[in-house]
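Good morning, and thank you for coming. Today I would like to speak about a nonpolar core and about aromatic ring pairs.

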Amino acid sequence: MANAAVTPSPGFISIAVTDVKASAAFYEDYLGGVRDSFDFGPDSAVFVGWPTYALSSARRPGQPGPSPDTTSIQLWWRASDAQALYDTVVASGIRILAEPFDGPFGRTFAMADPDGYRITIYEKDQPLFWPPRPS
């Protein structure tokens, strides 16, 4: 194989969902997703950003979905105020997987998307050292 340059992080993430419309609404309403202006058809929704991510109806209704307790993929979104978002999603009836706590990523909690994927919300990037070193 010839030498090839590969990006150090994913350039595109595809999430298989049962109902693209319902999932797209979740990612737009609660995670600030901004749709790509290109029409990818009724079986997908693509969101701009880095990495770009898409929802695809690759998983058909009736097929077993992911379980937040067993899936090995976790998606993380940074929020300016995790507690405010938590309050919003709880009031909307979104399933909470981990109650808010304060840790190395600031205020953090986890919820399930409509298909059961674990979505973790956090407020700050990881410190270089945890626990913080004394100054």
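Let me begin with a term: a nonpolar core is a set of buried Ala, Val, Leu, Ile, Met, Phe, Trp, Tyr and Cys residues that are joined through side-chain atoms within 4.5 Å. Please keep in mind that the model before you is predicted.

The largest nonpolar core here has 25 residues, and the members that touch the most others are Y27, M111, I119 and I121. Which elements supply at least two residues of this core each? They are the helices α1 and α2 together with the strands β2, β3, β4, β6 and β7. Helix α1, at 20–31, gives the largest share, namely six residues. As a general remark, nonpolar side chains in soluble globular proteins tend to be buried together.

I now turn to the aromatic rings, for which the count comes to eleven pairs. One of these joins Y53 and W77: the ring centres are 5.5 Å apart and the planes stand at 85 degrees, so the pair is edge-to-face. Planes over 60 degrees apart count as such. Because Y53 lies in strand β3 and W77 in strand β4, the pair ties together parts that are 24 residues apart in sequence.

Are these two residues buried or exposed? Y53 is buried, with a relative accessible area of 10%, and W77 is buried as well, at 16%. Finally, ring pairs link Y53 and W77 into a cluster with F26, Y27, Y30 and F47.

Notes
Residues numbered from 1 in each chain as written. Predicted model: local features only at pLDDT ≥ 70, side-chain atom pairs only at ≥ 80, totals over all residues. Heavy atoms only, no water. Buried < 20%, exposed > 50% of the residue type's maximum accessible area, 1.4 Å probe, protein only. Helix = DSSP H or I, 4+ residues; strand = E, 2+ residues; numbered from the N terminus. Phe/Tyr/Trp six-rings, centres within 6.5 Å; stacked < 30°, edge-to-face > 60°.
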